[in-house]
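Please keep the model open while reading.

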Amino acid sequence: MSDNSAKVTAAHLRRDAYLYVRQSTLYQVANNTESTRRQYDLRGRAIALGWPADHVIVIDVDQGHSGASAADREGFQRLVAEVSLGKAGIVLGLECSRLARNNADWHRLLQICAFNNTLICDEDGLYDPCAFNDRLLLGLKGAMSEAELHLIRARLRGGILAKAARGQLALRLPVGLVYDATGAVVLDPDTAVRAALSHLFATFTATGSARAVVAAFNDQGLTFPMRHSSGPHSGELYWTLLTHDRVLKVLHNPRYAGAYCYGRARHYTDADGHHHTIAKPRQEWTTLIEDAHPGYLTFAQYEANLDVLAANAAAHGTDRAAGPPREGPALLQGLVVCGRCGRRMTVRYHTRSSGQLVPDYLCQATGIRHGIPICQFMPGASIDTAIAELILDTLTPLALEVALTVTDELAARADQADAIRASHVERAQYAADRARRRYLAVDPENRLVADALEADWNHKLRELSDARDAYDKASRDHTSLDAAARTRIRALAADFPALWNDPATPMRERKRLIRLLVTDVTLVKTTDAITAGVRLRGGQDHALRLPLPLNAWQERKTPPSTIALIDQLLHTHTYRQTADILNQRGLTSGDGKPFTPDRLRAHCHTYKIPSLWQRLRQTGLLTLDEIAHQLGAHPSSVKTWYRLGLITGHLADDRGTCLYHPGQTRPSPALVETTGKALGNTHRSGRSHHPSLGGPLPKTVTAARNNGANANNPS
């Protein structure tokens, strides 16, 4: 190496000297003080080389940061920027590992220093990156620094992996598991913690959904245990509301199944210094030892829970293979397959006028993606009904056993939730008693401590009161089944169709039952029918051929038999008379409404049924004006003759309009007078005076009519 004084020139001294100070961890900063002092002492080395003290700039903001990367080191980035701008005459560091333990960062710094004629100085000497020998030596030092970091990590990693392979590496345990005095993993001695975790696993087994577990805890007013992972309360237990991500973490953690595991995730840092964690498949885990310690469930149950979660997750994506049962009325949600393209069909709902949600099954993924008509669309109500009838026929022999098992499970889950709430009260009581003992043990004259302990005691008493109120409220809401209720349940369970169709049975439970028996349902729609291929879990296949559902207008169409009866009645009856007869027989229109003259008239217009008026006219009956013209009389006289029964006619509509038979003769004035007097006497005696009123004509009127007729018709 050439003489140091020859390397430092006036051009270097006109620029500043930069001293870079760094320790890799905060522990080293706090405990390795000698290394820190040696780094700061390099400031005197810069002064000895000729730099004024006020031109020596110390950069020490990277304390506690590793030199493996420059991404998160603000001080190193500032140093590189100053060198790039030509402001640095010399860069000082205790050794090259202080500046960088990454060859890419180290050689980039060397290249920038050489370009800007900046010297580098460490504890061993002074180097000029522009000189080949100095740059070669600095390169070797950088390579050795990176190799040293690799060797240190390899030794540490090897020891960790060897200990983890034996299952002896102590790891942070999830809540519900603790280390005993000998270092063995055991269940948490707190019964409330154990009860909460057991209730979580039991609820997931019953519902098959992580979201349903969260909803069940919230509905029951239950909280979930957690432990502080850092800070002054590290390791302490606290209770909080259960969240969906927490349920997933519990269900995915094999430690709850008594298995020791290590290396479940891969950690890396990208070019921007951001840390990422990627979960690895089980076959890539570093260590997995089953039955290594006690757990809350068996490993087989743990794997079954993962299968359920995987099936639920299959409901997402471009081709959803399945999905958890939801609350919607679509019974086959997640099970329907298109018989044309083989893709899963989606569910869409529409609301009828009554407010009822009706499902539709459609295959639209390809149509949406390529902008073409959808593959298939079909109403789902009739399909669901047919599949439900098939399931009812299959399950009826086992209905009683299933219902009793479900009843016992619900009772056990309710008792378990009650025990968890009771443990909360017990814990609050213990905390209040301990706060009371601490308050009574303090010297009364020490008011500062006594006031704080009294406030803590009052706080614990309030928590105890809240816990008791919550327990009492939940106990009032929870009512157990008495003997009479169980008898009614058994009677209902014996008729499984009634239990299935009971409005109190949630739709989610019907769907869960369907999934226990049905693998999938393949639908194909033709011009005249829907074919449903049902695959059962046991390997059986059923083919159902269903008629196409009626359109809305077809469902509201009046039956043909009713239309034929209307046509028949209108031969001799008016609209009102026909409507009364139909209503008396209990017949309604297609929309279920009783008949009225206006509604009947609309039906006749739609089906082109002639009215009574039209039918009578077709037979040749005359109107009032026509018969008056034929008889050579005034229309009012014709009405009088008809009222007296001297001419005949027929009631043609609901307004009292009559049509008259043709070929009648005009009554004589004497006959009209005689008939009028006879009808007047009859009216005063209270008898009917017109055939249309249902009463007979008096004999005198009949004789007078006959005489008048004979006089007008001698033949």
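## Charge over a ring

A charge sits over a ring if NZ of Lys or CZ of Arg is within 6 Å of the ring centre and within 35 degrees of the ring normal. R73 meets this over the face of F76, at 4.4 Å from the ring centre.

This is a predicted model: local features need pLDDT of at least 70, side-chain atom pairs count only at pLDDT 80 or more, and totals for chains, interfaces and linings use all residues. Residues are numbered from 1 along each chain as its sequence is written, and side-chain values use heavy atoms, with hydrogens and water left out.

## Aromatic pairs

The whole structure holds 6 aromatic pairs (Phe, Tyr or Trp rings, the six-membered one for Trp, with centres within 6.5 Å; planes under 30 degrees apart are stacked, over 60 edge-to-face, the rest tilted). Y20 and F76 pair edge-to-face, 6.2 Å centre to centre with 75 degrees between the planes. Y20 lies in strand 1 (residues 16-20) and F76 in helix 5 (residues 74-84), so their pair ties together parts 56 residues apart in sequence. Helices (H or I, at least four residues) and strands (E, at least two) are DSSP runs, numbered from the N terminus.

Both Y20 and F76 are buried (under 20% relative accessible area; exposed is over 50%, partly exposed in between; 1.4 Å probe, protein chains only). F217 and F224 are also edge-to-face, at 6.4 Å and 70 degrees. F217 is buried at 0% relative accessible area, and F224 at 1%. F201, Y256 and Y296 form one aromatic cluster.
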